[in-house]
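Biologist: I would like to learn how to read a model like this one. Please show it, and then we can go through some features.

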Amino acid sequence: MHHRFLLAGTAAAALLAAGCQTTKPTTAAKQPVVETLGTTAVPASEFAYVYRKNNSSAPEYGTKASVTEYLDLYTNFKLKVLEAEQRGLDTTQAFKRELDGYKQQLAQPYLTEKSVTDKLVREAYDRMSKEINASHILIRVQPDADPKDTLAAYQKVTALRQRVTGGEDFGKVARETSEDPSARENGGKLGYFTAMQMVYPFESVAYSTPAGQVSQPVRTRFGYHIIKVNDVRPAQGEIKVAHLMIRATPGMPKADSVTVKKKVDELYSRLTQRKENWEKLVAQFSEDAGSAANGGELPPFGTGRMIPSFEEAAFKLQKPGDLSAPVQTPYGWHIIRLIEKQPIPTFEAMEPTLKSKVSKDSRSELNRAAFLKRVRTENNFSENQAAKDYVLSRADTALVNGRFKYTAPATPAKGKKATGDAQTLFTIQGKPYPVSDFLTYVQSNQKPRAGSDARFTMQQLYDQYVDQSLTEFEKANLETKYEDYRMLVKEYRDGILLFQLMDEKVWSKAIEDTVGLQKFFAANQAKYQWEPRVQATVISAATPALRTQVQQLVANPAASLPITQGIPASVSFRPRTVTLNPASTASLEALAGQLVTDTTLQVTISGQVKNAAAATLARQRASQIQSYFVQQGIRASRVPVNVTIGGAQSRAAGSVDAIYFRGYTRNPAAIEQRFNAQNPLAVQVQQRSFQKGDNKVIDEFLSSAPGTYTTQKDGRYYTVIVEKQLPAGPKSLAEARGQATSDYQNHLEKEWIAQLREKYPVSINQPEVEKLVTK
């Protein structure tokens, strides 16, 4: 059956999934109950609300089986929350802080004006039919600047407008005067943009200014702007593309960067010249894991929503199937393939997204103003002008300097008229807000505003206090005004409690209880079995000749590849001793680590000396190094010693105090690096155990006897070396830990629910349950 009543491993998911409320026995007893848990009654109305909310879209909604099964899940949830309450988890400060944070978030949609939101959403959609190319000049002024500073900024930007409308070059004036730092480089040019990409006042003026003209000054939170509209064009709409990406990060080693570029160039050549299959190459080589399995496909995007270099290359593509040359972004190199160009979606399709954006956009200030106006009217906001004049008169230079101090006076005697600080400043729904509370607010929220007018500063703080008081009054009454909000807060409350207890009883316990997990795994070993597998090496090559060369290296135990990467050329000793120099000790430790990591690596320890007298000391030194490696768990046969007298190296080295190293490996990564130097896609080598589905080539040889097999598929040449068959059999706990831990968590949860049902006996009121059965 379809359910949304599921727990996830994160707090938010747990909260949203439950959709349940906790009810105290005192309130539940007065209304019909759907069940009783111990002595706690669960109201039928609550279960009905939650069932409808989480199941109404399911095909089986309203059937007896659906209602019964959901009630069982709901009961388990309620039992856990009840246990959390009994343990006092709802009284901790951490719980209260977390719930309060969620309540603040949940309240936001109710602190708006829907009619204004709808108008702003429609306006934004209509503007999206055009894209504006504009330049601007900015003169900065703070949003709460003193009137004289605001006037000065306005006069300055007005003078600049007179210059550009009088014939001066806009870009030149922007470079010389604009307080937008980027203007010195771009002359104030902003490029193309559409709705929702600029602050709202700027956007509105840009859309209302004809192409080629300069706007009147417009104020935003950044200051005053004048805007020159360079061009207006129909919106490009959205574009849907796929990409093949090879990762490259800024600052990566130059050699790695060159390798990445060679690889992407080779892929581009194969796509454009050899016309190889796009989906095949993306699946094999793209390093964007999120899109590689889907042919590299990305979500549609429009102007200003992608990295500029990527967006520019994508929009230049004309026909579906067109490919861009490799394009670099901070993430790496991309080859882009056009899937389709799309017109702007319908209003109905975009409305939910636009609503979300409008709520976070600067245009939400209009919404907030309308909301506050409504709250004032609905709650009979009434201002005491005499008290307001009184508080404005309290403004002085201390306030401007951020040092205003205030101590609230004693409460006046009962029946005596309140005056001064005790008088009411304003009321909301009859609730008085005294002058003293506001002056306390002033002391807490003041900040230095050198040069500002004290009375103006006090007026701004008063306006802020009124807005905050109206908002807090509305928030405090949301649960009585809106049932959906009240129920949602309860969902989150119970979800937090449930998460805390589930983590203690199930999630963390299953990970930390290693003994219990081992016992559970042993008792259920039959569930954790390997399918038949094969231990094998798979060589994939671009040509038969390459395949043969790599096969000779991989299949022949005596063959090996000389390697220098990570292998120190030599280590040095103090003269006539067997004591390594300090710097050489670190080199030796690093080499030991590489030998442990690469089990195919062999390192010859050699000393080439000028005469027999030096040979004895050289052999002692080489043997000492060999012994060090053996102590690290490396077989002596992998680090053979070879000390010779005379030879080219002894003459070139010029020192008898060095021991030299030569490395040889059969490591697949080293083999790939060697053969892919010219063509980054020439060779791939995999050595491991495979089961059905791991590799489409290996799937053909899963039942083959040990041996070497060749095949060709999708333009690649393969050798499969089957080393041995691995029959079906039990997995170890280490091999099955993820699945076993998940199963153990389910086991612990079932045991815990059984204990809770015993502690809080469940009694179902079947007649109330039947009321929800509608088909």
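Biologist: How many positive and negative side chains has the chain, and how far apart do the centres of the two sets lie?

Modeller: Lys and Arg count as positive, Asp and Glu as negative, with His and the chain ends not counted; the charge is placed at NZ of Lys, CZ of Arg, CG of Asp or CD of Glu. Here there are 99 positive and 80 negative side chains, with the centres 5 Å apart. This is a predicted model, where local features need pLDDT of at least 70 and side-chain atom pairs pLDDT 80 or more, while totals for chains, interfaces and linings use all residues. Residues are numbered from 1 along each chain as its sequence is written, and side-chain values use heavy atoms, leaving out hydrogens and water.

Biologist: Is strand 1 mostly covered or uncovered?

Modeller: Buried means under 20% relative accessible area, exposed over 50%, and partly exposed in between (1.4 Å probe, protein chains only). A strand is a DSSP run of E with at least two residues, numbered from the N terminus. Strand 1 covers residues 33–37, and four of its five residues are buried. For the chain, the buried share is 45% of 775 residues.

Biologist: Which strands pair with strand 1?

Modeller: Pairing requires at least two DSSP bridges between two strands. Strand 2 (residues 40–43) runs antiparallel to strand 1, joined by four bridges, and glutamate 35 faces valine 42 there. Two residues separate these strands in a hairpin, whose turn holds glycine 38 with a positive phi of about 65 degrees. Strand 24 (residues 762–764) also pairs with strand 1 in the antiparallel sense, over three bridges; its serine 763 is the bridge partner of threonine 36.
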